[in-house]
Amino acid sequence: MSQIVRRKWMFVPAYLAVHLFLDWISFIHAVSSINITPWNPPAGLMMGVSVLFGVRAVPLVWLALTAADLVVRDLPITLLPMTLWTPFLANGVVALGYGIAGWLLRRAIDPGLSRLRDIVLLLGGSAAAVLGIGLCFIAIHTAAGLFAWTNFPEVLLRYWTGEVIGIAVLTPLVLIGRRMPALRWSWSGAAETLAQGGLIGFTLWLDFGPLASSQYEHFYLLFLPSIAIAVRYGLVGAVVASVATQAGLIAAIQVTGVDTDRMAHFQLLMLTLAVTILLLGAVVSERRRAEDRLRVRQSDLAHASRLIEAGEMTAALAHELNQPLAATMGYARAARKVARLEGASPRLTEILDKTVTQAERADRVIRSLRDFVRKGASDRAPLPVATLIADCLTLAGPLASRHAVEIVAEIDPALPAPLPTVDGDAVQLQQAILNLVRNAAEAMGDVANGGPSAQAPRRRIVIFACPAAQPGFVAIGVRDTGPGLAEVVERNLFAPFVTTKPTGMGLGLSIVRTIVESHGGTLTARSGTDGGTVGGPIGGTVFQFTIPAHAAGKNGEPA
């Protein structure tokens with residue numbers, strides 16, 4: 001406990017030191033003697049701490065603001081009481097406003113900024129909060145005679161823009177800095193970092209160097225390296241690039257002595273740059289996380305498929321071994337009976353008894369294994385049909401690209417709205433549908449490679465849902481525009497190890513049937529020459545299975 005208290009007390013002077021340093025380096029082109037600057041990084045630090053600690057950060061933020069007024073802006077302590085209370089009251093309003101805003105944002109976003117929504121809410125909420133805080137902050141100083149009321153809108157705009165830039169640049173760094181991965185040194189990484197930093201420096205030189213013009217029309221070149229870094233590294237890279245770019249901008253403005261009258265123009269450009277980089281980095285990171293989740297889901301499905309294939313192979317082997325094992329037990333029993341009738345040696349009778357016992361034991365083991373494979377428990381839960389089909393469309397995306405086919409969903413209007421819910425294992429049902437989709441895609445791939453129906457009008461697969469003929473059930477299936485079923489395959493459609501593929505194992509449809517039957521449904525197949533199930537095109541093949549609706553499961557029917 002003493003170590004936790006010691007850390008808390010160490011955090012206070014560390015925060016004050018960082019706040020004072022940021023205030024000192026950014027106190028340029030200020031409006032009057034208060035902290036209204038083109039870029040106010042202490043605002044980003046205050047908002048980040050407020051999001052992490054809520055209203056508990058208010059006293060610390062107020063102390064840091066007051067200390068900065070005394071140290072950075074040389075606020076005299078011998079002022080009249082009324083004048084002295086002006087900055088104290090204004091700093092209190094700022095600290096309380098940031099504390100409340102941070103508390104509200106903490107309830108609405110993930111402090112780790114894991115989604116684009118979190119970035120949008122952070123920027124939007126902060127902008128609204130700063131506007132309210134700025135109205136009070138500027139009003140207090142204007143009432144104290146520091147500004148004329150006619151200058152109120154201009155001063156408020158300068159204050160709001162500087163604060164929002166600081167928040168957009170520094171707050172994400174404060175929030176995600178706790179979770180940033182440790183840096184690992186490598187020559188290639190160092191060279192890439194130096195190249196990116198050099199590119200930022202070069203664009204700044206074009207903007208403010210000897211080639212720059214008074215209109216600074218090359219400013220938008222700064223977007224190029226920042227966008228490249230955001231695309232390369234996502235949100236973390238965008239945050240670091242934004243900090244480096246904004247710091248370089250402030251340094252260049254200070255060195256070249258840009259006219260104060262142009263500060264509002266530069267502030268808007270800096271704000272546009274910071275927000276653009278941040279949103280782009282958030283989009284890239286969220287896209288990569290979605291791709292990672294999809295890869296994990298596909299890996300889970302592949303693992304489930306391997307397990308199901310192993311189970312189906314085990315069931316098939318158990319079935320095939322059962323007959324010779326039964327014959328072996330019959331012969332052993334007969335031999336034992338003959339040995340007893342003919343008075344064979346007791347040792348031979350004992351050996352035959354043991355043979356029969358072990359054969360019966362093997363039969364029990366195989367039956368138990370077969371029952372486990374066919375009746376094994378699964379993770380059943382209510383599953384919306386719309387969600388099941390949408391997930392299958394997403395997971396079938398790589399398959400569609402690989403086989404150059406179009407995969408779409410089709411819902412029969414006869415189904416009630418909203419679409420029904422079924423009871424089942426999501427992974428197993430997805431695997432069943434994807435097996436059917438894969439079979440259809442591979443069948444049309446054979447057509448594209450010179451099969452008898454190479455002139456098929458469209459390479460299209462439809463995942464459909466429609467009412468089942470049996471009440472309380474929903475029909476789900478896959479329809480394609482392929483060549484149809486070969487006669488030899490159609491006669492043994494769901495038998496294990498029957499396939500026309502050179503590298504196939506003949507377990508795909510057998511696995512689908514096992515999954516469907518374990519859920520209480522049935523699997524059927526037919527030619528698509530009847531127009532399909534939901535008004536589809538003529539030709540191809542239709543595989544359709546039924547699954548009990550969620551309500552049916554509640555009434556005691558299998559689910």
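Visitor: What makes the charged end of Arg232 count as sitting over the ring of Tyr233?
Guide: A charge sits over a ring if NZ of Lys or CZ of Arg is within 6 Å of the ring centre and within 35 degrees of the ring normal. The charged end of Arg232 is 4.9 Å from the centre of the Tyr233 ring, and sits over that ring. A word on the source: this is a predicted model, where local features need pLDDT of at least 70 and side-chain atom pairs count only at pLDDT 80 or more, while totals for chains, interfaces and linings use all residues. Residues are numbered from 1 along each chain as its sequence is written, and side-chain values use heavy atoms, leaving out hydrogens and water.

Visitor: Why are Phe202 and Trp205 called stacked?
Guide: Rings of Phe, Tyr and Trp (its six-membered ring) pair if their centres lie within 6.5 Å; planes under 30 degrees apart are stacked, over 60 edge-to-face, and the rest tilted. Here the centres are 6.1 Å apart and the planes at 25°, so the pair is stacked.

Visitor: Why does Phe202 count as partly exposed?
Guide: Buried means under 20% relative accessible area, exposed over 50%, and partly exposed in between (1.4 Å probe, protein chains only). Phe202 has 43%, so partly exposed is the label. Trp205, at 40%, is partly exposed too.

Visitor: Why is Tyr159 called buried?
Guide: Its relative accessibility is 3%, so Tyr159 counts as buried. Phe137, at 6%, is also buried.

Visitor: How many aromatic pairs does the rule give?
Guide: Seven. Among them, Phe137 and Tyr159 are stacked, 5.1 Å centre to centre with 20° between the planes.
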